[in-house]
Amino acid sequence: MKAALLHRQAYTPPPPDPVTSPEARAMSLPARARYARDVRRWLNGHYFDSERDRNIRDFLGRLIEDNAETLTGTREVAIIGGPNVAGKSTLLYQVAMAVHRTHIGLDGDPAEMARRTTTRRIAGHDQSVHPTHAPVLFLSLEAATTVGKFNELIVEALDYDKAVAKKVSALDLLLQHGVRLLIIDDLHQLILTEKLGRQALDHLKAVVTALGEYGITVIFAGANLHTHPVMDDPQVTGRAYELTMNPYHADTQDAVRAWQRFLKESGDLLIPHLPLAGPGMLHNDLPGLILARTGGRMQAMVNLLRRATVAAIEDGTWTVTEDHVRAVPTAKLTADEVTNKTARTRQAPRALHPAVTVRPPLKDGAG
Ligand SMILES: Nc1ncnc2c1ncn2[C@@H]1O[C@H](COP(=O)(O)OP(=O)(O)OP(=O)(O)O)[C@@H](O)[C@H]1O
Ligand SMILES: [Mg+2]
């Protein structure tokens, strides 16, 4: 992701005004359609926060601060795992934006940032460059990432021409642009059965180690990493907190409560726009049905909540009912879930939240 794009996205549009039940009852069909459209637009850009995500963000926030404050020694990294569409990348965008904001400020102007000019030696010549201050770099690895492709990702995220990757070191670029947090998403794209993939991992580890010397934090994420050989590398796991984002489920009392708390928080967000809803619309009235329809996966849940809410406004019910929930098509991935559960037998990490587990780094000197 381009560093400048992150800057533009680091704010969220406000929700439409709430409606009262008399206003809702009096609303004409076209007015309802307009209101439903506004709610849809808002929800399409809305990040559904939860205790699960707050726990992870707090954890990562502390890690970033600790790494920046520690003077010497190896910096710790975090690896976020979990099945597809669990919400890993979405959560990391939030982390990225928060760190970005703390460094740039809410009113930071991208044009102003780009005006800082320095001179750099490229291909034997002094050249004037305009480095964008990019406190956070968010890279998504591509299929079969190689050293060259990884460097190109960095260069492109910072808005240079791809060719620059061959002329300057990725590390120098990261430092020059003031990167404090490097997020490397889709780590599962490293193919370690191939030489180029193993070289890419070695390069990545070298970059991470070098960044650590400057107190810069690296966060990795990827789908189903627990089954990926990258997790067998003690140099990766030896200094990494491994966090696993699992789908919500109802296997234990704690898990049920976490699920209901998520639904309550989402309901509290939606109810001002659904004035005929009772206070327990989602978490008391529909928890089992919504879990069954979504498999507890963020993508399916968010999609269902958006669509059911919009439908409830459009049809004038002004509260989400069982019918609305059933009318949303179930996500295809729910059926594939079973395949993702074929994990290698590893000892279960410590639970940070029923839907999040964390495994601390190995302290036995591995790596
Ligand atoms: N908290 C959330 N609020 C709103 N939308 C979300 C949230 N979490 C996930 N989503 C939506 O669900 C979809 C999948 O989420 P995301 O891409 O973050 O999953 P992922 O775990 O990174 O999956 P993958 O491993 O396939 O990359 C996204 O399109 C995103 O819009
Ligand atoms: Mg992702």
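Strand β1, residues 77-81, is mostly covered: 5 of its 5 residues are buried. The model is predicted.

**Strand β1**
- Val77, Ile79 and Gly81 point one way from β1.
- Ala78 and Ile80 point the other way.
- Residues on both sides of β1 are buried.

**Partners of β1**
- Strand β7, residues 240-245, runs parallel to β1, and 5 bridges join the two.
- Strand β6, residues 217-221, also pairs with β1 in the parallel sense, over 3 bridges.
- Ile80 stands opposite Leu243 in β7.
- Ile80 also stands opposite Ala221 in β6.

**Around ligand 1**
- The shell around ligand 1 has 14 residues, and Gly87, Lys88, Ser89, Thr90 and Gln299 come nearest.
- By class, 7 residues of this shell are nonpolar, 6 are polar and 1 is charged.
- Helices α5 (88-104) and α13 (298-314) each supply at least two residues of the shell.
- Ligand 1 lies between domain 1 (51-245 + 341-359) and domain 2 (248-331), because both give residues to its shell.

**The whole chain**
- The chain holds 15 helices and 9 strands.
- Of its 367 residues, 36% are buried.
- Take the contacts between residues at least 6 apart in sequence: 76% of them join residues at least 24 apart.

Methods: Residues numbered from 1 in each chain as written. Chains lettered and ligands numbered in written order. Predicted model: local features only at pLDDT ≥ 70, side-chain atom pairs only at ≥ 80, totals over all residues. Buried ≥ 20, exposed ≤ 12 C-beta atoms within 10 Å, placed from the backbone. Helix = DSSP H or I, 4+ residues; strand = E, 2+ residues; numbered from the N terminus. Pairing = 2+ DSSP bridges. Contact = placed C-beta atoms within 7 Å. Near = placed C-beta within 6 Å. Nonpolar A, V, L, I, M, F, W, Y, C, P; charged D, E, K, R; others polar. Domains from an automatic or database assignment.
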